[in-house]
Amino acid sequence: MSAALVETILLLEDDPGVARLQRLRLERAGYAVVATATPTDGMECLRQGGIDLLVLDNRLAGSEDGLSFYVRLKANGLDLPTILVTGYSDDATVISALRAGVRDYVFKSVEYLDYLPEAVRRILDQERTKRALAETAREREQALRDLQDKTDELRSTTQQLWQAARLAGIGELAASIAHELNNPLATVSLRLEGVLARTPTDDPRRRPLEIVEQEVERMAKLVGNLLNFSRAGREQVSTVHVSDEVRKTIELTEPHLRRLRVEVAHESAPDVPSIIADRQQLRQVLLNLITNAGDAMPKGGRLTLRVRRGELPGPRPAIVIEVTDTGVGIPTEHLARVTDPFFTTKEEGKGTGLGLAICKRIVVEHRGTFEIDSVVNQGTTVRITLPVTNETNVNGLRGRSRE
Ligand code: ADP
Ligand code: MG
C-alpha cells in the first residue's frame with residue numbers, strides 16, 4: 001500500500017473567507033489542503049486523484065448543492081470519504097447525505113472549525129483501519145487458497161503415483177502374457193507350416209491357410225517385440241545402433257498409430273555411427289515420445305523420426321534424434337513444465353506426467369541434451385542429442401548401474 005506521508009484534504013467551499021479558515025485549521029492539524037470554489041473545479045481536482053478526504057459545503061453558489069455533487073461524484077466512480085458541512089436546521093439534508101454514503105457531517109456553527117480537524121482525523125483513521133482489515137482478509141483468503149491448491153496438488157500427486165504404480169504392474173503383466181503366448185504361437189506356426197507343406201499349390205484351401213499364417217506371424221512379431229521391450233537386461237551399456245532401435249520401436253507402435261490415422265516416416269542418415277548407451281532405456285525414451293506424439297494427434301497426422309550426426313559442446317561427436325509430430329502442440333506457458341514429474345494435461349487415468357520426466361532423466365544420464373520446440377496447433381519436435389561415445393557417458397552409466 002502506498003500511503004502518502006501527508007494526507008490531502010480537498011475543500012469545496014464557495015465562500016473564500018470560510019475556505020481560508022478551514023484551510024488554516026486543517027494545515028495546522030498537519031494536513032495538506034487544496035481549496036476549490038465550484039463543483040466543476042472540485043470534480044476536476046478529484047479526477048486528478050491524490051485526495052484522501054473531501055470537506056464539502058452543502059450550500060454552494062449556483063444550481064448544484066453539496067449533496068447532489070456527492071451523488072454525482074459517486075456515480076462517476078470517484079467516491080471518497082466525505083464530510084458534509086451543512087446548516088444547523090438541515091436535518092433532512094443530513095439524513096439523505098448519510099443515506100447517500102457521506103461519512104460524516106458538521107454543522108456550520110461558531111465552533112465547527114474547532115472540531116473539523118478532529119472529524120477529519122477520525123474518518124481517516126477509520127479509513128486506514130478498513131484498508132488494513134481488507135488487506136488482512138485478502139491475505140487470509142490467499143493463504144486459504146494456497147492451502148487448498150497444495151491439498152489439491154497432493155491429492156492428484158497421490159493419485160498419479162498410484163496410477164504409475166498400476167501402469168508399471170500392467171507392463172509386467174503384459175510381459176508375462178507375452179511370454180505365455182510365445183509357446184502356443186510357436187506350436188501353431190509349426191503345425192501350420194506342416195499343413196501348408198502338404199497342401200498342393202493349386203488347392204483352393206491354401207489361400208485361407210496362408211492368411212492364417214500371415215496373421216500368426218504378425219502375432220509372433222508383436223509378442224517378440226513386447227518381450228524385447230520388457231526384458232530388463234543385466235548388462236545395460238552396450239553399442240547401440242540408434243536407427244535400428246527407431247525402426248523396431250516404430251514396428252511395435254505402428255498398429256496403434258495406424259488406428260489413430262497417424263502416418264509414420266523414418267528418416268535416418270546413412271552415416272550415423274553407433275553409440276554407447278543403455279538400449280532398454282533408449283527404447284523407453286522412443287516409446288514415450290511416440291506415445292505422446294500419438295496422443296497429440298487424435299485426428300491423425302504425421303509422425304517423423306529423424307536420426308543424424310550431430311555435435312555436443314566440447315566438441316564431442318554426437319547423434320541427434322528428432323521426433324516430430326503435427327499435433328496440438330504445447331502452449332508456451334507449459335513448455336518449461338512438461339518435463340516436470342507428474343505434469344500432465346491428460347485426463348485422469350490416461351496421463352501420468354512421468355513420460356517426459358523419465359525421458360529427460362535418461363538423456364541427461366547419458367550426458368546428452370533434451371530440447372522441445374513446439375507451436376500450438378502446428379506440432380512438436382523433441383530433439384535428443386546423445387554423445388557417440390566418450391569416457392563420461394560410459395563411466396557415468398556404469399557408475400549408475402552399480403548404485
Ligand atoms: P503424460 O503423457 O502422461 O501426460 P508426459 O510427461 O509424457 O506425461 O507429458 C507431459 C505433458 O506434456 C502432456 O500431458 C502434454 O500436455 C505435453 N506433451 C508431451 N508431449 C507432447 C506432444 N508431442 N505434443 C503436445 N503436447 C505434449
Ligand atoms: Mg506421455
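**Helix packing and strand pairing in the predicted model**

Val-242, Glu-245, Val-246, Lys-248, Thr-249, Leu-252, Thr-253 and Leu-257 of helix H7 are in contact with Arg-279, Leu-282, Arg-283, Leu-286, Leu-287, Ile-290 and Gly-294 of helix H8, contact being defined as heavy atoms within 4.5 Å. By class, this contact holds eight nonpolar, three polar and four charged residues, where Ala, Val, Leu, Ile, Met, Phe, Trp, Tyr, Cys and Pro count as nonpolar, Asp, Glu, Lys and Arg as charged, and the others, Gly among them, as polar. The model is predicted, and local features require pLDDT of at least 70, side-chain atom pairs count only at pLDDT 80 or more, and totals for chains, interfaces and linings use all residues. Residues are numbered from 1 along each chain as its sequence is written, chains are lettered from A and ligands numbered from 1 in the order in which they are written, and side-chain values use heavy atoms, with hydrogens and water left out.

H7 (residues 242-259) and H8 (residues 279-296) pack at an angle of about 40°, with their axes 10 Å apart; helices (H or I, at least four residues) and strands (E, at least two) are DSSP runs numbered from the N terminus, and axes are lines fitted to C-alpha atoms, for helices over the stretch in contact, with angles running from 0 to 180 degrees between N-to-C directions. H7 is therefore oblique to H8, since angles under 35 degrees count as roughly parallel, over 145 as roughly antiparallel, 65 to 115 as roughly perpendicular and the rest as oblique.

H7 also packs on a sheet, where it touches strands E7, E9 and E10 (316-325), and its direction makes about 175° with that of E7. This sheet is open and consists of five strands in the order E7-E9-E10-E12-E11, with mixed pairing; two strands pair if DSSP finds at least two bridges between them. Strands E7 (262-268) and E11 (369-375) stand at the edges with a single partner strand each, so one side of each is left without a neighbour in the sheet. E7 pairs with E9 (residues 301-312) in the parallel sense over seven bridges, and Ala-265 stands opposite Thr-304 in E9. Helix H10 (residues 355-365) lies across E11 and strand E12 (379-387), running at about 140° to E11.

A further helix pair is formed by H3 (residues 66-75) and H4 (residues 91-100), whose axes come within 10 Å and cross at roughly 10°, and which are therefore roughly parallel to each other. Leu-67, Tyr-70, Val-71 and Lys-74 of H3 make this contact with Thr-93, Ser-96, Ala-97 and Ala-100 of H4.
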